[in-house]
Amino acid sequence: MTKTALVTGGSRGIGRACALELAAAGCNVAITYAGNDAKAQETVAELEKLGVKAKAYKFDVKDKEAAVAAIEEIHKEFETIDILVNNAGITRDNLIIRMSDEEWESVINTNLTGVFNVTKPVCKIMMKQRQGAIVNMSSIVGISGNAGQSNYSAAKAGLIGFTKSLAKELASRNIRVNAVAPGFIQTDMTAGLDAEAVAQHIPLKRLGQPEDIAKTVKFLAIDGTYITAQVLGVDGGLSI
Ligand code: NAP
């Protein structure tokens, strides 16, 4: 039976690449996004070119009611949700002494509470189906930390604990839960970095591309049928 994948933040960057990779593997795909309608529609058109059913849903993952309503709508439209990729995320970098409450809260509420808001209603569906796979987008800095990113690192480290706890909770229902910890990936999020300078510090001597992450997400979501509770670093060796 055709699987349905739900990719949050699937309109751009890593999420878009994940959506395309899962579509290429034959999944119907629901993508979500926060505000950029043009990008979302562009991605839907590309997904449809791969011959699968695709739709975009606009809601802020920080808004619990909106998330619950959207997931109900997605479930009605697609009938199943077999794969959830919790990818939507933001950065609001600052040193701790300068970090505003807004910078702290927006990152924690989007990158950590936003994942809870989406995962809870999806879990109910997956538990009834007695099968599913969840992949959470953490980060290398959730493991190693990073000066100027205490909010982001805290959220991404939180996701690792969330992943392992959920994996234990849901294993008996045949639901696998894993995380990916990307290093530097070339997207809008990292557009401000000097790519050449950053690449010098990476053993593979290049930044990652969204497709590098997407292949790993597809592996964990579809091929890794005996893998759960794992955090897979995809960072060109940066964490060595
Ligand atoms: P990106 O290019 O900035 O794309 C972010 C996506 O998330 C967009 O689709 C955006 O929607 C959506 N989004 C943002 N805030 C949202 C909200 N409040 N509610 C719903 N959707 C929201 O980011 P990216 O670089 O692909 O990153 C994707 C994920 O990978 C993030 O979780 C990020 O933390 C993680 N990651 C990235 C890197 C990297 O180097 N790029 C490294 C490690 C981890 P709109 O288009 O509508 O704004």
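Mentor: Arg12 and Asp188 form a salt bridge through their side chains, with N to O at 2.7 Å; the term means a side-chain nitrogen of Lys or Arg within 4 Å of a carboxyl oxygen of Asp or Glu. Arg12 sits in the loop between strand E1 (4-7) and helix H1 (13-24), and Asp188 in the loop between strand E6 (175-182) and helix H7 (195-199), so the pair ties together parts that are 176 residues apart in sequence. Helices (H or I, at least four residues) and strands (E, at least two) are DSSP runs, numbered from the N terminus. Arg12 is partly exposed, at a relative accessible area of 38%, while Asp188 is exposed, at 54%. For these labels, buried means under 20% relative accessible area, exposed over 50%, and partly exposed in between, with a 1.4 Å probe and protein chains only.

This is a predicted model, in which local features need pLDDT of at least 70 and side-chain atom pairs count only at pLDDT 80 or more, whereas totals for chains, interfaces and linings use all residues. Residues are numbered from 1 along each chain as its sequence is written, and side-chain values use heavy atoms, with hydrogens and water left out.

Across the whole structure, the search gives 9 salt bridges. One of them links the side chains of Lys39 and Glu42, at 3.5 Å from N to O. Both residues belong to helix H2 (residues 37-49), where they are 3 residues apart and therefore separated by about one helical turn. Lys39 is partly exposed at 32% relative accessibility, and Glu42 is partly exposed at 43%.

Asp60 and Lys62 make another salt bridge, with their closest N and O atoms 2.9 Å apart. Asp60 has a relative accessible area of 33% and is partly exposed; Lys62, at 39%, is partly exposed as well.

Val231 is partly exposed, at 27% relative accessibility. Leaving aside residues up to four places away in sequence, Val231 touches Ile143, Ile160, Lys164, Ala179 and Ala181, where contact means heavy atoms within 4.5 Å. From Val231 to Thr216 the C-alpha to C-alpha separation is 11 Å, and the two are 15 residues apart in sequence.
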